[in-house]
Each structure stands twice: as C-alpha cells, then as structure tokens.
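Please look over the sequence and the model together before reading on. The report is meant to be read beside them.

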Amino acid sequence: MSLDVSFLRQFSSLIQSAYAIRGKTIEEVQAWTSTATVSKAQSYFAIRNFLKKACPNDGLQSLLDYADIALKTIALDEKGRLTESMSFSAFEFCKVATESWESSSVQAMFSKNFWFFVTYQKGEKNVVLTDFFWRLSKEDLASVQCLYESYQRKLLQGEVYAKDKNNAVVPAFRLDGCRVSHIRPHAANREDTFPLPVADRLTGRKSATKQSFWLDKAYLEEIVRINLSPVEKEVIGK
C-alpha cells in the first residue's frame with residue numbers, strides 16, 4: 001500500500017512548524033496568525049491556528065483524519081509540573097451503560113493511532129516547549145478498559161454519586177490501581193447534565209453533571225518529562 005504524497009508533505013509541514021515555535025511565546029504565535037483569543041483554551045487555539053496556517057488548504061485536519069492523530073496541548077508550571085489532568089469529550093451515561101468496551105466511543109478515543117502533544121510553560125510569557133507523538137501502551141489501554149467497565153457497573157447499580165472525605169456529595173470516580181485515568185465532571189455548570197440509565201441511589205437524581213475521562217496528571221507528567229529536551233529540563237529545573 002503506497003502512501004499519499006500529499007500526506008507526507010503535510011506531515012513534514014506539521015513537524016517543521018511545531019519545531020519552529022519552540023521557545024516562542026503564545027503571544028508571538030498568536031501574532032503570526034492574527035487570530036488572538038482570550039478564551040480559557042487560548043494556548044491551544046494559538047498553537048492549533050499556527051499549525052493550521054502552516055498546513056494550508058485544510059491540510060492539518062486532513063492530516064489528523066488521515067493518520068488518526070489527535071492534537072493536544074499540555075501546560076506546565078514554572079517548575080515543569082503539569083497544572084492539571086487532561087480532559088476528553090464528555091460521554092453520555094446511557095451509552096456507557098449499554099455499550100461494550102470494544103464498541104464504545106471511549107475505546108475509540110483512547111485507541112487513537114497517535115496523539116500529537118505540544119507542551120508549553122505557563123507564566124508571564126507562556127513559552128512553547130517540546131512536541132512529540134505518543135500513544136497509550138496496550139497495558140495502559142487495558143487499565144482504561146478496567147476503569148470503563150467498573151464505571152459501567154456503577155451506572156447500572158445507580159451508584160454515580162458518593163460522599164468524599166469532606167462528606168460532600170460528588171460524582172467523581174477513581175478505580176484503585178488505575179494510574180492512567182479517572183472520571184470526573186466536565187460540564188459548563190451543575191445544570192449541564194446527561195440522563196442516567198438508573199436513578200442514583202444516594203441522591204435520587206435521574207440525571208448527573210456531564211463527565212469525561214481524564215488522563216491523570218502524574219501519569220502525563222512522567223511522559224512529558226521523558227520527552228523534554230535536556231536544555232528544557234535544565235531551564236525548567238531552575
């Protein structure tokens with residue numbers, strides 16, 4: 001099977017463009033695209049818009065679709081620590097309750113051929129750091145599957161909400177031994193909900209705040225540290 005030459009060109013453009021903005025500030029990246037934004041995802045859109053401009057004729061999206069690549073940005077603090085876990089799209093409770101892992105959109109999402117991560121350091125200037133391709137190992141994917149199937153049982157048993165250590169009622173769910181991912185709210189507000197397949201036994205609620213799968217902060221941090229250049233590690237470590 002031969003590769004599409006246009007794909008190879010777009011792939012090369014993506015690599016070169018991401019390399020070109022290393023060490024640049026988000027403000028500089030925005031200036032090059034003339035598409036400044038003040039949203040919470042400012043850095044993501046700045047980087048994405050730059051890469052999109054570098055791959056003309058909708059080349060970036062075509063490349064991502066063709067090679068099954070997902071673009072993500074990772075924020076580090078001034079000491080090189082991740083500022084937060086990484087969220088994915090909110091899922092529908094009723095779908096998770098009825099879909100097998102193999103046929104689920106969650107499995108498809110985590111089985112992406114590759115993710116293209118672009119890291120940046122938050123601070124006064126928000127400096128772009130390294131970029132790299134990465135995918136979940138079979139072992140880590142199996143860990144997410146265990147989380148999915150355990151949560152599926154919770155949904156069918158009406159055990160979405162629980163009390164935390166402060167005796168507050170929360171919908172977050174972690175699976176002991178799963179260091180890769182967890183489940184917690186990912187919604188605009190408390191009223192941003194999806195219906196439940198079974199009413200929650202603790203609260204009686206028939207719907208719950210939208211939630212999503214998250215890659216754990218500590219897990220991602222290990223991956224990022226491995227992929228930072230020696231110079232970046234030295235600068236961040238100061």
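## Basis of the report

This is a predicted model, in which local features need pLDDT of at least 70 and side-chain atom pairs count only at pLDDT 80 or more, while totals for chains, interfaces and linings use all residues. Residues are numbered from 1 along each chain as its sequence is written, and side-chain values use heavy atoms, with hydrogens and water left out.

## The whole protein

The secondary structure comes to nine helices and 10 strands, where helices (H or I, at least four residues) and strands (E, at least two) are DSSP runs numbered from the N terminus. The radius of gyration, taken over C-alpha atoms, is 20 Å, close to the 18 Å that the globule rule gives for 238 residues, so the protein is as compact as a globular protein of that length; the rule itself is 2.2 Å times the number of residues to the power 0.38.

Along its principal axes the C-alpha trace spans about 55 × 50 × 35 Å. Buried residues (under 20% relative accessible area, with exposed meaning over 50% and partly exposed in between, for a 1.4 Å probe and protein chains only) make up 42% of the 238 residues.

## Helices H2 and H3

Two packed helices are described by the angle between their axes and the distance between the axes. For helix H2 (residues 26-33) and helix H3 (residues 42-54), the angle is about 45° and the axes are 9 Å apart; axes are lines fitted to C-alpha atoms, for helices over the stretch in contact, and angles run from 0 to 180 degrees between N-to-C directions.

In contact, which means heavy atoms within 4.5 Å, the residues of H2 that meet H3 include Val-29 and Trp-32, and those on the H3 side include Ala-46 and Phe-50.

## The buried side of H8

In helix H8 (residues 217-227), Tyr-219, Leu-220, Glu-221, Ile-223 and Val-224 are buried. What covers these residues includes strand E1 (69-76), strand E3 (114-121) and helix H7 (138-156).

## Two residues with positive phi

Most residues other than glycine have a negative phi. Asp-68, however, has a positive phi of about 55° although it is not a glycine; Asp-68 sits in the loop between helix H4 (59-66) and E1, and is partly exposed, with a relative accessible area of 31%.

Asn-167, also not a glycine, has a positive phi near 65°. Asn-167 lies in the loop between strand E5 (162-163) and strand E6 (169-170), and is exposed, with a relative accessible area of 53%.
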